[in-house]
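Hi,

Here is the structure I promised to pass on. Have a look at it first, and my notes follow below.

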Amino acid sequence: MSLNGSNGESRRSTMKVMLVGDPGEQRAQLKAVLAGLTEPQLEIIEGESATAANLSENVSAPPEATLVMVNGSEEAALNFLQSQSLHSPRPILLALLSVRSPGLMKRALRSGADEILFMPLDPGEATRALLKVSEARWRTERREGGIVISVTSLVGGVGVTSLAANLALALQSLNQRVAMVDLDLQTGGLAVFLNLDPEVTIMPLVRLERKLDSIQLESALSKHSSGVCLLAAPKRIEEGELVSDLTVGTVLDLIRQLFDYVIVDCGDHVDENGVAAWERSEHLFYVLNQSIAAARSAWRFIDLFERLGLTKLEPRFILDRYSPSHPLTEKAIEATLAKPIYAKIPRDDRTFETIELKAQDLFHVAPNSPVAHAMLELAALVMPRVEPAALQETFMSRLKSAFSAH
């Protein structure tokens, strides 16, 4: 079935693809294969070799996918992949290898490649890879509404729920409309952390016999004193099995229409519900601490995530309860993961004990603490339009309110 029907109502436009590599017979063959593809429709942009600088600045608009030939200087090609992976917006990076070397494949993936293809390029493999890019782009373009942020881990006790809740509170303090969805269905930790006793949970939305609408969704939300709204996990553990990935997808597609930010607590495991949330997320935060078990589990998560093929989403690693004096350093963890640490939340057991004892949130108990400031900084990272001066103003207003309360 053609994606570009004769009725002129094609939902997808031409995809810009940049070709980067040394000139020669392999590049000519690659260009011929790309030019012969019927789906998706391509506009091929001629880049130079991987040793050339600032290639993306030579075109009027950045490409959606960049094909990098690793057939000459391997180091130059891998360095180019790594530099492009840091760009914003980030193109989809496809590494084209001339040899089927497991070592080279691993190096290319760690340098930022989203897909590995081999030369001479097979037209079927090229179609498969580029159609996946095209479909992901279309799903992204048709999204409307707020930003979805998923928080997850594979290790319990590292702070997934506390980070998710405090990020929501930080965003709310920056005058954003924020909702939370608790997909840790058996634990239901968000309601406990926020000191809420929800009368309604996600369960009425599971049992709906007709299409979900905003009135039904809003009636299932519980409101925290800060203004953050929560779609709570079921009250009974066994009811969690009734929540499907279809329900999760439907809820997230609608709730993002009502709020600026939606924070999803995916718990400390991977299932279909979590993946459904990741597919709809602009940000995915993986939480770990300074333990060998957490670092090893994070590496297993990276391996799993790469096999899921969610090429438009890059997981970010949050080091929670961070202590600079810990023997397992930030640099050691980054070396283990071959990924950078996106943000650090300092360890502060006393503050969290006070939060639990007083049944109040972080920004009431310790608005001037390093933890609160770190959460505001993390909120600013997902809000590019927030200037440091505005963040500082919010922080100072918290300080003043804290002093005036005494």
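Setting aside neighbours within four places in sequence, Lys339 is in contact with Ile302, Glu314, Phe317 and Glu334 (contact means heavy atoms within 4.5 Å). Lys339 is buried at a relative accessible area of 17% (buried is under 20%, exposed over 50%, partly exposed in between, with a 1.4 Å probe and protein chains only).

Before going on, some ground rules: this is a predicted model, where local features need pLDDT of at least 70, side-chain atom pairs count only at pLDDT 80 or more, and totals for chains, interfaces and linings use all residues. Residues are numbered from 1 along each chain as its sequence is written, and side-chain values use heavy atoms, leaving out hydrogens and water.

Rings of Phe, Tyr and Trp (its six-membered ring) pair if their centres lie within 6.5 Å; planes under 30 degrees apart are stacked, over 60 edge-to-face and the rest tilted.

The structure holds six aromatic pairs. In one of them, the ring centres of Tyr286 and Phe301 are 4.6 Å apart with planes at 35 degrees, so the pair is tilted. Both Tyr286 and Phe301 are buried. Tyr286 also forms a tilted pair with Phe317, at 5.7 Å centre to centre and 55 degrees between the planes.

One charge to look at as well: Arg100 lies over the face of Phe118, 4.1 Å from the ring centre (the criterion is NZ of Lys or CZ of Arg within 6 Å of the centre and within 35 degrees of the ring normal).

Best wishes
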